[in-house]
Amino acid sequence: MTGKHIVVIGAGYAGLSAAAGIGRGPDRVTLVAPEQRFAHRVRQHEIAAGRTVARPEIARVLRGRRVAHRATLAVGIDLDAREVRTEDGGRLAYDTLVYALGSRTAWGGVPGAAEHAYSAERAEELRRRLAGAPAPGTVAVVGGGPTGIELATELAEAYPAWQVRLVAAGRVGGWLSARGRAHVLAVLGRLGVRVDEEHRVTAVTADGLTCPDGDVPAQVVVWAASLEPHPLAAESGLAVNARGRALVDDHLRSLSHPDVYVIGDAAAVDLPGTGELRMACATAMPQGRYLAKLLTGRTGKPFSFRYVTQCLSLGRGEALVQLIHGDDSMRPRVLTGPAGRLVKAGIVKGLPLSLR
Ligand SMILES: Cc1cc2nc3c(=O)[nH]c(=O)nc-3n(C[C@H](O)[C@H](O)[C@H](O)COP(=O)(O)OP(=O)(O)OC[C@H]3O[C@@H](n4cnc5c(N)ncnc54)[C@H](O)[C@@H]3O)c2cc1C
């Protein structure tokens, strides 16, 4: 035992894989996160569609590791006193803090969005709303990025009585290769999803979307336009960039507070040749694993990482595996059909197993 106390806040892909790995070493670790089961956030759209999603107990992931799980929220960080304040009234002194609070849906300041729209975080409520409706109408999903596409396809497949509309300020799947985008549009078409591209939303009301290019009447609105990091980093005084992601060095250590490491969606990790890594579980988990090695003395090298694929589920019957270069730029090649579906499902189901 070194007697060091490492506090990890957040038990997503980054935090839980970091805690499980650091817990193999000699230091005492406390994990602060409210949930008893791993959230497995990349499957939220499946919950909205009424699918059963297996979520391992956090205690099971941490079995045999020197980690105490405190099931509460972190509500404040005193960076000078090196203390985390928790919702249950506790104060946890740390020698090293691992900040892994992830991200959440960003409403983008659009009037009425937070009030009238569902987000992926409210997937269970969305499921109840859609499944229980005596007279289905239109559900408008806002956002042409990965979350919007996954939600729109999943909902269209699960609730065929609802008319699903996917509304995007830009092009749906516009970052994908030409083949990748064409496949996404083809599946959306097969599932009967009406796509409105270059269609900016300026407000959300109880009646649907207000748009300069034509309003979209909808009984249900789902907001999936973008993600923003948890605000506690900025509120506590950690150095953050304009988006609120914490600035870190090449060992994922806070630029302003060297006894704090930041990983996952919360961190602005800038790699030479790639730029700032996007918010993704594909980025969060390798960071959690790397940090565990760093803090247990199994590496001293800077964090390095290369992307391989970007995968989208398109309902249960289809998927897209977009092959990408290590710097996150698109290759022309994609996997679709049964091969794409099997690869995507294998990755998603395997994620909880690789947390340890
Ligand atoms: C519907 C959907 C589908 C997605 N699909 C993909 C995909 O296919 N591939 C991909 O790479 N990415 C995908 N993403 C993005 C991915 O989910 C995130 O990038 C990823 O979850 C980030 O991991 P993280 O560990 O940084 O944070 P998170 O997974 O967000 O975990 C944050 C953790 O912090 C905890 N927490 C929050 N507040 C507090 C607090 N105050 N105190 C203590 N704990 C707190 C949470 O409970 C959670 O344990 C998807 C996202 C959504 C919403």
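Which helices each supply at least two residues of the lining of the second largest pocket? I looked this up and found α2 (44–48) and α10 (337–350), where helices (H or I, at least four residues) and strands (E, at least two) are DSSP runs numbered from the N terminus.

**Basis.** I note that this is a predicted model, in which local features need pLDDT of at least 70 and side-chain atom pairs count only at pLDDT 80 or more, while totals for chains, interfaces and linings use all residues. Residues are numbered from 1 along each chain as its sequence is written, and side-chain values use heavy atoms, with hydrogens and water left out.

**Pocket.** I read a volume of about 210 Å³ for the second largest pocket. Of the 15 residues that line this pocket, I listed Ser313, Arg316, Arg341, Lys344 and Ala345 as the closest to its centre. A pocket here is an open set of points on a 1 Å grid over the protein atoms alone, where a 1.4 Å probe fits, with protein on both sides within 12 Å along at least five of seven lines, and lining residues have an atom within 4 Å of a point. Grid points are joined across faces, edges and corners, and the volume is the space filled by probe spheres set on them.

I then looked at where the lining comes from: α10 gives the largest share, six residues, and at least three residues come from each of domain 1 (5–105 + 227–295) and domain 2 (113–225 + 308–355), with bounds from an automatic or database domain assignment. By class I recorded five nonpolar, three polar and seven charged residues, with Asp, Glu, Lys and Arg counted as charged.

**Aromatic pairs.** I found four aromatic pairs, taking rings of Phe, Tyr and Trp (its six-membered ring) with centres within 6.5 Å, and calling planes under 30 degrees apart stacked, over 60 edge-to-face and the rest tilted. The rings of Tyr13 and Phe38 are edge-to-face, because their planes stand at 90°, with the centres 5.2 Å apart. Tyr13 lies in helix α1 (residues 13–22) and Phe38 in the loop between β2 (28–32) and α2, so this pair ties together parts that are 25 residues apart in sequence.

Are Tyr13 and Phe38 buried or exposed? Tyr13 is buried at 9% relative accessibility and Phe38 is buried at 0%, where buried means under 20% relative accessible area, exposed over 50% and partly exposed in between (1.4 Å probe, protein chains only).

I also noted that ring pairs link Tyr290, Phe303, Phe305 and Tyr307 into a cluster. Within it, Tyr290 is buried at 9% and Phe303 at 6%.
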